[in-house]
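Student: I would like to learn how to read a few features of a model like this one. Could we take them in turn, with the general idea first and the case after it?

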Amino acid sequence: CGLCSAAAPPYTCPRCHRRLCSLRCYRAHGPCAEAFYRDQVLEALRAERGSTPSSALRGLRELREPGDPVRPRGRGLWEQLSEGERDEFRRLLSSGEAAALLPRWRPWWWRGRGRVEELGDGSGTEEEDEEGSEDRPGPAPPVPTPVPPLSALRAAPLSPLVRFQLPNVLFGYAFALSLHGGDETLLPELPDAAIATSAALRDRCPFASTAEALLSARSDARAAGLPLSPLGDSGALLAVAQLLEGRDSRDPGADVAAALWHLWRLLRAGARALPPPERGRFRGARRKVGFLLSWSRGATEELAQLAREARGVHAEVAAEEAAVAQIRQRLENVWGGPRPPPGKGGMEEAP
């Protein structure tokens, strides 16, 4: 076993091909296991929606030694659940509790240096990061150079509403990346989630304000039946604000450029994973991302204003989340758990 050195390990990790002896060692061996559990949640959701199962959930690939018994392969998970178990899973998804079952994920734009601003709790508070280097974000995508100037793409003057397309697209990017734990091998699911969340990527959809652009994306994610982002509702909004603010004071638009270039490449890879007749929407989204990339590199003041407005939207939604969390806590204290006792009502029980 590549983890505990046990003899004759019967399994191999489908991602890194390390030999493993048990489920316990598989769970303990790092990012591959985390990605696998995230895939399980997403696969069950796709099965519920009637989608074609992807190859992401194949279970541990079995390597049997001579004489070993045949072991089940963990396929058809949704079909093996009872109706009660399916109802419970649907409840976890609709309430957002399923996000708590997924491994914690740190986005590349996280600013922490030993401390972290929590993205999912809506409080904006900081806590000590005691998880070590494995809990730190991965490297940021590269900032593209050079970027064609906007004048090379468009000669006509732009509408002042163009700038509100950017937060809508960045929400789609941050949401999709967090939903899949940054696993870029999940194609075309990852860029497809960005398109489903961002109306600006799907078609011509003008927005009159940053708030409208962000709340539209949040609503579209729910309408598409996608799970709640592991970042949390307000956390996905905070991600947009952080991307717009940037981490480099010398180039405040660098994070926006890196995010858009990363999304452009994900859309290109996602299109290649589809049959030719289905690639059109990915090409259209890629053109929009390229346009916003060129615009953003010459719009430093606009990015700063968008960041302030996104921070305001996040603050309002976070306050709403905090109020709901307080009500939920009071109810759970009365109920003695997360659900009301059988045969009793809910709201009339509140103190």
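Predicted model: local features only at pLDDT ≥ 70, side-chain atom pairs only at ≥ 80, totals over all residues.

Student: Which residue does Arg250 pair with in a salt bridge?

Tutor: The general idea is that side chains of opposite charge can pair when their charged atoms come close. Here the partner of Arg250 is Asp248, with the closest N and O atoms 3.3 Å apart. Asp248 is partly exposed, its relative accessible area being 27%.

Student: How many salt bridges does the structure hold?

Tutor: There are 7. One of them joins the side chains of Arg202 and Asp220, at 2.9 Å from N to O. This pair links distant parts of the chain, since Arg202 belongs to helix H7 (residues 199-202) and Asp220 to helix H8 (residues 210-223), 18 residues apart.

Student: Is Asp220 buried or exposed?

Tutor: Buried means under 20% relative accessible area. Asp220 has 17% relative accessibility, so Asp220 counts as buried. Arg202 is partly exposed, with a relative accessible area of 39%.

Student: What does Glu245 pair with?

Tutor: Glu245 forms a salt bridge with Arg311, and their closest N and O atoms are 2.8 Å apart. Glu245 sits in helix H9 and Arg311 in helix H12 (residues 300-335), so the bridge ties together parts 66 residues apart in sequence. Glu245 counts as partly exposed at 29% relative accessibility, and Arg311 is partly exposed too, with a relative accessible area of 27%.

Student: How do I read helix H9 itself, and what is its reach from first C-alpha to last?

Tutor: An α-helix has 3.6 residues a turn, so residues three or four places apart point the same way. H9 covers residues 233-245, 13 residues in total, and reaches 19 Å, close to the 18 Å expected at 1.5 Å a residue.

Student: How many residues of H9 are buried?

Tutor: 12 of the 13, which leaves H9 mostly covered. Among them are Asp233, Gly235, Leu238 and Gln242. After H9 comes Gly246, with a positive phi near 75°.

Student: Which residues does a cis peptide bond join, with omega about -10°?

Tutor: Thr145 and Pro146. Pro146 is in the loop between strand E5 (126-128) and helix H5 (165-179). Another cis bond runs from Leu187 to Pro188, with omega near 5°, and Pro188 is placed in the loop between H5 and helix H6 (189-197).

Student: What does the secondary structure of the protein chain come to?

Tutor: 12 helices and 5 strands. The chain has 351 residues, and buried ones make up 42% of them. Its accessible surface is about 18,200 Å², with 52% belonging to carbon and sulfur atoms.

Student: What share of the contacts with a separation of 6 or more comes from residues 24 or more positions apart?

Tutor: Such residues account for 66% of those contacts in the protein chain. The bridge from Glu245 to Arg311 is a case of a pair that ties together parts 66 residues apart.

Technical notes: Residues numbered from 1 in each chain as written. Heavy atoms only, no water. Helix = DSSP H or I, 4+ residues; strand = E, 2+ residues; numbered from the N terminus. Expected span 1.5 Å × (residues − 1). Buried < 20%, exposed > 50% of the residue type's maximum accessible area, 1.4 Å probe, protein only. Contact = heavy atoms within 4.5 Å. Areas by Shrake-Rupley, 256 points an atom, 1.4 Å probe, with all protein chains shown as cover. Salt bridge = Lys/Arg side-chain N within 4 Å of Asp/Glu carboxyl O.
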